[in-house]
Amino acid sequence: MQTIRKAKERGGFDFGWLDTKHTFSFGEYQDRDHMGFRTLRVINEDWVQPGTGFGTHGHRDMEIISYVVSGQVQHRDSQGHSEVLSAGEFQAMSAGTGIEHSEWNPSGNEAFHLYQIWIRPDRKGHTPRYRDWAPEGTLAPGEARLVVSPDGGNGALTIHQDAYLHQVMVSRENPFSYTLDQDRHVWVQAVSGEGTVNGTPVNAGDGVAVSDETLVTLESEEDFEALLFDLG
């Protein structure tokens, strides 16, 4: 069984400095029919103009993952981290008992494009932590890269939840198939290009929830990038 969440159906706002799209209910966009999928609670796609950004604000008890699609992001937090993330890089932040951070666009002329993802933790009260990651090498079509896992295997970022995030690239001659274990569920978020998820056409910004299946296959007639979440 699979359900598609079309990009054009998402909530969103254009504040001038920020153009944001919300796959699930978030902030001023309230949608009881789209409150998340399994432990996946937030998928926000943001475009932030040069010299602007999200000022210092706080979070608690949430696993927060960011993926920089293009541009650069200046991260600062209350644990003393100050990093500039570039296109293709990821960060994971366990808000736990409380953390404050800001995400700013340091460029004078280029907007940044960012996915921010929230996953509910396995329990409340974890010690806050932060890590960013710049993957080595280019991801070849037909391959997947493990980005996030509960144990941080293969250098992946670690979160406090039974959830895995893979970055996937496919092309015309290089599809990708993912086998689901019993009682597992998948969310595929299309990042760029056009493709299909188990035969369902998807475009950039679309999301597909997959349950009660044993295989998820991504195909495309062109270069197509997606984020694939494996959830309990």
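Q: Why is His75 called buried?
A: The model is a predicted one. His75 has 0% relative accessibility. Buried means under 20% relative accessible area, so His75 counts as buried.

Q: Where is His75 found, and how many residues separate His75 from His101 in sequence?
A: His75 is found in strand S7, residues 72-77. His75 and His101 are 26 residues apart in sequence. Their C-alpha atoms are 7.1 Å apart in space.

Q: What makes Arg5 and Asp31 a salt bridge?
A: The N to O distance between their side chains is 3.8 Å. The cut-off is 4 Å, from a side-chain nitrogen of Lys or Arg to a carboxyl oxygen of Asp or Glu. The pair therefore qualifies as a salt bridge.

Q: Why is the Arg5 and Asp31 pair said to tie parts together?
A: Arg5 lies in strand S1 (residues 2-5), and Asp31 lies in the loop between S3 and S4. These parts are 26 residues apart in sequence, so the pair ties them together.

Q: Are the two partners, Arg5 and Asp31, buried or exposed?
A: Arg5 has a relative accessible area of 5%, so Arg5 is buried. Asp31 is at 14% relative accessibility and therefore also counts as buried. The cut-off for buried is under 20%.

Q: What makes Glu45 and Arg10 a salt bridge?
A: Their side chains meet at 2.8 Å, N to O. The limit is within 4 Å, so the label applies. Glu45 lies in strand S4 and Arg10 in the loop between S1 and strand S2 (11-14), so the pair ties together parts 35 residues apart in sequence. Glu45 is buried, and so is Arg10.

Q: How do you know that Glu221 forms a salt bridge with Arg172, and what parts of the chain does the pair link?
A: The closest N and O atoms are 3.2 Å apart, and the cut-off is 4 Å. Glu221 is in the loop between strand S21 (215-219) and S22. Arg172 is in the loop between strand S15 (163-170) and strand S16 (176-179). The two residues are 49 residues apart.

Q: Why are Glu221 and Arg172 called exposed?
A: Exposed means over 50% relative accessible area. Glu221 has 61%, so Glu221 is exposed. Arg172 has 63%, so Arg172 is exposed.

Q: Why does Glu225 have no salt bridge?
A: The nearest side chain of opposite charge, Arg145, is 7.3 Å away. Glu225 is buried and is found in strand S22 (residues 224-231). A polar contact of 3.0 Å joins the side chains of Glu225 and Gln167.

Q: Why is Thr179 called exposed?
A: Thr179 is at 55% relative accessibility. The cut-off is over 50%, so Thr179 counts as exposed. Thr179 is in strand S16.

Q: What is the volume of the largest pocket, and which residues lie nearest its centre?
A: The volume is about 270 Å³. Leu18, His22, Phe26, Asn44 and Phe54 lie nearest the centre, out of 17 lining residues. By class, the lining has six nonpolar, eight polar and three charged residues.

Notes: Residues numbered from 1 in each chain as written. Predicted model: local features only at pLDDT ≥ 70, side-chain atom pairs only at ≥ 80, totals over all residues. Heavy atoms only, no water. 1 Å grid on protein atoms, 1.4 Å probe; cavity = no way out; pocket = protein on both sides within 12 Å on 5 of 7 lines; lining within 4 Å. Points joined across faces, edges and corners; volume = space filled by probe spheres on them. Nonpolar A, V, L, I, M, F, W, Y, C, P; charged D, E, K, R; others polar. Helix = DSSP H or I, 4+ residues; strand = E, 2+ residues; numbered from the N terminus. Buried < 20%, exposed > 50% of the residue type's maximum accessible area, 1.4 Å probe, protein only. Lys, Arg positive; Asp, Glu negative; His and termini not counted. Polar contact = N/O pair within 3.5 Å; in protein donor to acceptor, adjacent residues only side chain to side chain.
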